[in-house]
Amino acid sequence: MAKVHPNMVPAPGAVDEAPCAPSSSTEEPTTLTVWRKSLLFDCKGFTVFDAKGNLAYRVDSYASESGDEVVLMDAAGRPAFTVRRKRFSLQGEQWLVFSGEETRRPVYTVRRSGRGKTLAHVAACGGAGAGPSYEVEGSYARRSCVVYDGERRAVAEIRPKEVVGTDVFRLVVQPGVGVSLAMAVVVALEQMFARPSLLRSWSTID
C-alpha cells in the first residue's frame, strides 16, 4: 500500500492560514492528501498532508463522542473551524461552520441537497456581502466532487487517489479560495454522505 503519512511533524511551509482567509497568493492550486484516519488511539478522524508530505490538518473524534460537533485543527493543533450539526432544521440536514472554537455565530452553512447531481449548498452567513456561496456536485461515496462558485467556476475538487481506495483521497483547492474552508466542507460532506460516517454515530440522529 502506498505511504500516506511521510512527515508527521509540522514543518515550515505547511498549510497554515487564518480560518477565514483566502489561500496564499500563489497561482498554483493547493493539493492536499486526506487520510480518513486519526493518529490518536481510540479516535476517529482525518489526517491531512500537503504536497510535500507535511502535516497540514487533522480531525480527532473520540469513539465515545456523537460526532455532531467536530473541530478541524491545523498542523499545530489550533482550531481552524468547528463544524456542528444544526438541530430541527426545516430546510433539511444542515451543518454550521464556525470560525475557530467560537460557536455562537456561524460563518457558513452547508445544507444537504436532494436535487439531481447537487450534493450540497454552501452559503455564507451574515446577509449580503458576507462572502461567496458555493455548490458541491458529484459523488462523495466515490470521492469525486467539484465545488463551484456563483459563476460556475470550479474552485475545489475531491479526487480519488489511485490504488489506496476511498479512505485516502485528494483535495485540490484553486487560488483565492480558503483552504481551511474547503477542508471544513469535506468534514461536513463526510457527516452527511458517508455510510457509516467516519466521525458520526448515527444512533444520535433526531
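I first traced the order of elements: from the N terminus on, the protein chain runs β-β-β-β-β-β-β-β-β-β-β-β-α. I note at the outset that the model is predicted. My tally for the protein chain is one helix and 12 strands.

**Entry 1. Overall architecture**

I followed the pairing of the strands and found a closed barrel of 12 strands, in the order E1-E2-E3-E4-E5-E6-E7-E8-E9-E10-E11-E12, with antiparallel pairing. From one strand to the next, the twist averages 20°. I then asked which strands helix H1 touches. Helix H1, residues 179-193, packs on the sheet and contacts E1, E2, E3, E4, E5, E6, E7, E8, E9, E11 and E12. The direction of H1 makes about 30° with that of E5.

**Entry 2. Totals for the chain**

I looked up burial and surface for the protein chain. Of its 206 residues, 47% count as buried. The accessible surface comes to about 10300 Å², and carbon and sulfur atoms hold 52% of it. Among contacts with a separation of 6 or more, 40% are between residues 24 or more positions apart.

E5 and E6 pair in the antiparallel sense over five bridges, and Arg 85 stands opposite Trp 95 in E6. Strand E6 is mostly covered, with five of its six residues buried. Four bridges join E6 to E7, again in the antiparallel sense; here Val 97 stands opposite Tyr 108 in E7.

E7 and E8 run antiparallel and are joined by five bridges. I inspected the connection between them: the two strands form a hairpin with five residues between them, and Gly 116 in the turn has a positive phi of about 50°.

On to E9: four bridges join E8 (residues 118-124) to E9 (residues 134-139), and the two strands run antiparallel. I recorded two partners across this pair. His 121 stands opposite Glu 135, and the bridge partner of Thr 118 is Glu 137.

Why is E8 largely enclosed by the rest of the structure? I checked its residues one by one: five of the seven are buried, so the strand is largely enclosed.

I took Leu 171 as a case to examine. Leaving aside residues up to four places away in sequence, Leu 171 touches Thr 30, Thr 31, Leu 32, Val 34, Glu 157, Ile 158, Ala 182, Met 183 and Val 186.

**Entry 3. Salt bridges**

How many salt bridges does a search of the whole structure find? The search returned 13, and I examined several of them.

Arg 58 forms a salt bridge with Asp 60, with the closest N and O atoms 2.7 Å apart. Arg 58 is partly exposed, with a relative accessible area of 26%. Asp 60 counts as buried because its relative accessibility of 18% is under 20%.

Glu 93 forms a salt bridge with Arg 112, and their closest N and O atoms are 3.6 Å apart. Glu 93 lies in the loop between E5 and E6 and Arg 112 in strand E7, so the pair ties together parts that are 19 residues apart in sequence. Arg 112 counts as partly exposed, at 29% relative accessibility.

The side chains of Asp 149 and Arg 153 also meet in a salt bridge, at 2.7 Å from N to O. Asp 149 is buried, with a relative accessible area of 12%, whereas Arg 153 is partly exposed at 48%. Finally, I noted that salt bridges with shared partners join Arg 36, Asp 167 and Glu 190 into one network.

Methods. Residues numbered from 1 in each chain as written. Predicted model: local features only at pLDDT ≥ 70, side-chain atom pairs only at ≥ 80, totals over all residues. Heavy atoms only, no water. Pairing = 2+ DSSP bridges. Axes fitted to C-alpha atoms, helices over the stretch in contact; angles between N-to-C directions. Contact = heavy atoms within 4.5 Å. Buried < 20%, exposed > 50% of the residue type's maximum accessible area, 1.4 Å probe, protein only. Areas by Shrake-Rupley, 256 points an atom, 1.4 Å probe, with all protein chains shown as cover. Salt bridge = Lys/Arg side-chain N within 4 Å of Asp/Glu carboxyl O.
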